[in-house]
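Subject: Structure handover

Hello,

Here is the structure for your files.

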Amino acid sequence: MYGPAKGGDAPIRKVTVPDLRARKEAGPPIAMVTAYDYTMALLLDEGGVDVVLVGDSLGMVVQGLPTTLPVTLEDVIYHGRAVSRALRRAHLVGDMPFMSFQVSPETALENAGRLMKDGGFESVKLEGGAEVAEHVNRIVCAGIPVMGHVGLLPQSVHAMGGFKVQGKRESDADRIVRDARALEDAGCYSIVIEGVPADVAARVTEAVAIPTIGIGAGPQCDGQVLVCYDFLGMFRGMRPKFVKRYAELGDAVVDATRRYVDEVRSGEFPAQEHSFGMKIVQSKTG
Ligand code: KIV
């Protein structure tokens, strides 16, 4: 019953890593979102996003966990398979979950390879700065593009004492700039900057020759990323300052569900137009 649209569609060219690198100079800013399933990914791709990330945020918005820490490589692979079947244009990035890359450059390479082979990803993302530069380099040397992630690092939530804006002090801001440079030197093709003052993100963006993609990092990055349920108004538990809601789909879902429940209870649904009839075949005998 369901499946990709068939026939007649003009071929659409996939966004590549060199395309994304070129956007630093040539623009326009990169529009990136997260997705975790086929149906949503189809819609986001049709909406024209450049990059889709299967983020380990899936632990919080799909699995209902308080942090991203329990997310496994298998979880990211599972969601990656579904999302990869939907994307015709957007580049697909897979997040490396907590403890899938920190232990050693070898483990990082092995697990990045699994994301590419089994999850259908076209590049991987990992959190951290200078301390993971060697890990990044090992992955990049195997031909796997890597997106870095600096600033607020959700996998370090306990070390940070919560999901708190980073880089407010000059020395912390300097460290974030140094981390971004280390990631660029290690071979990252772009860097997510999360939860830092806008001025700090602007400094990082100026300091590196690869595109920066901000979330809660102000307007001066080379692109922006948001969690799909946030910008669509579906994740209603929290309303972070950095999220702009472009729709209120959460309200629409609750309203539609209430109407469905009412109509089932009253017998109004299903009507004749939603029901199948029988084919009457006349018998020749008798
Ligand atoms: O896991 C995630 O969704 C992310 C983005 C918010 C950048 O890392």
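Contact, as used below, means heavy atoms within 4.5 Å. The model is predicted.

By that criterion, Leu73, Glu74, Val76, Ile77, Gly80, Arg81 and Ser84 in helix H4 meet Asn111, Arg114, Leu115, Asp118 and Gly119 in helix H5. The residues of this contact divide into four nonpolar, four polar and four charged. H4 covers residues 73-84 and H5 residues 105-119; the two pack at an angle of about 35 degrees, with their axes 9 Å apart. The crossing of H4 past H5 is right-handed.

H8 passes H9 in a right-handed crossing. On the H8 side the contact is made by Glu170, Ala173, Asp174, Ile176, Val177, Ala180, Arg181 and Glu184, and on the H9 side by Val200, Arg203, Val204 and Ala207. These residues divide into seven nonpolar, no polar and five charged.

The largest pocket has a volume of about 850 Å³. It is lined by 33 residues, of which Phe163, Glu194, Ile215, Pro240 and Phe242 are the closest to its centre. The lining divides into 17 nonpolar, eight polar and eight charged residues. Strand S1 (30-34), helix H3 (58-61) and strand S6 (190-194) each supply at least two residues of that lining.

Regards

Terms used:
Residues are numbered from 1 along each chain as its sequence is written. This is a predicted model: local features need pLDDT of at least 70, side-chain atom pairs count only at pLDDT 80 or more; totals for chains, interfaces and linings use all residues. Side-chain values use heavy atoms; hydrogens and water are left out. On a 1 Å grid over the protein atoms alone, a cavity is a set of points where a 1.4 Å probe fits but cannot get out, and a pocket is an open set with protein on both sides within 12 Å along at least five of seven lines; lining residues have an atom within 4 Å of a point. Grid points are joined across faces, edges and corners, and a volume is the space filled by probe spheres set on the points. Helices (H or I, at least four residues) and strands (E, at least two) are DSSP runs, numbered from the N terminus. Ala, Val, Leu, Ile, Met, Phe, Trp, Tyr, Cys and Pro count as nonpolar, Asp, Glu, Lys and Arg as charged, and the others, Gly among them, as polar. A crossing is left-handed if the near helix is turned anticlockwise from the far one by less than a right angle, and right-handed if clockwise. Axes are lines fitted to C-alpha atoms, for helices over the stretch in contact, and angles run from 0 to 180 degrees between N-to-C directions.
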